Amino acid sequence: MNLESFRKRFAEITSELEKLVAEGEIPGISCGVRFNDTVETASLGVTNIDHPLKVNDETFFRSAR
């Protein structure tokens with residue numbers, strides 16, 4: 001994989017995540033991927049349906065109960 005294909009694939013993944021958020025499957029998500037020295041991140045949706053704050057690169061999510 002080269003940097004161009006990495007960025008293309010990350011854009012595809014981000015597009016799928018955007019669909020999940022838009023369809024209401026998940027309220028929000030942050031995703032980060034590293035390829036060599038390149039880091040790509042995406043922050044989508046809101047933190048919580050009841051108290052919606054926009055998700056950003058510094059949002060913390062509980063991943064397990």
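Of the 65 residues of the protein, 20% count as buried, where buried means under 20% relative accessible area, exposed means over 50%, and partly exposed lies in between, with a 1.4 Å probe and protein chains only. The model is a predicted one, in which local features need pLDDT of at least 70 and side-chain atom pairs count only at pLDDT 80 or more, while totals for chains, interfaces and linings use all residues. Residues are numbered from 1 along each chain as its sequence is written, and side-chain values use heavy atoms, with hydrogens and water left out.

Read along the sequence, the protein follows the pattern α-β-β, with 1 helix and 2 strands; helices (H or I, at least four residues) and strands (E, at least two) are DSSP runs, numbered from the N terminus. The C-alpha trace spans about 40 × 20 × 20 Å along its principal axes.

We can now turn to the strands. Strand β1, residues 28-35, pairs with strand β2, residues 38-45, in the antiparallel sense over 8 bridges, and two strands are said to pair if DSSP finds at least two bridges between them. One of these links joins S30 to S43, its bridge partner in β2. The hairpin of β1 and β2 has 2 residues between the strands, and N36 lies in this loop. The phi of N36 is near 55°, a positive value in a residue other than glycine. Is N36 buried or exposed? N36 counts as exposed, because its relative accessibility is 54%.

In soluble globular proteins, nonpolar side chains tend to be buried together. Here the largest nonpolar core is made up of 6 residues, F10, L17, V21, C31, A42 and L44; such a core is a set of buried Ala, Val, Leu, Ile, Met, Phe, Trp, Tyr and Cys residues joined through side-chain atoms within 4.5 Å. Helix α1 (3-22) and strand β2 each supply at least two residues of this core, and the largest share, 3 residues, comes from α1. Leaving aside neighbours within four places in sequence, L17 is in contact with I29, C31 and L44, where contact means heavy atoms within 4.5 Å. Across the protein, among contacts between residues at least 6 apart in sequence, 37% join residues at least 24 apart.
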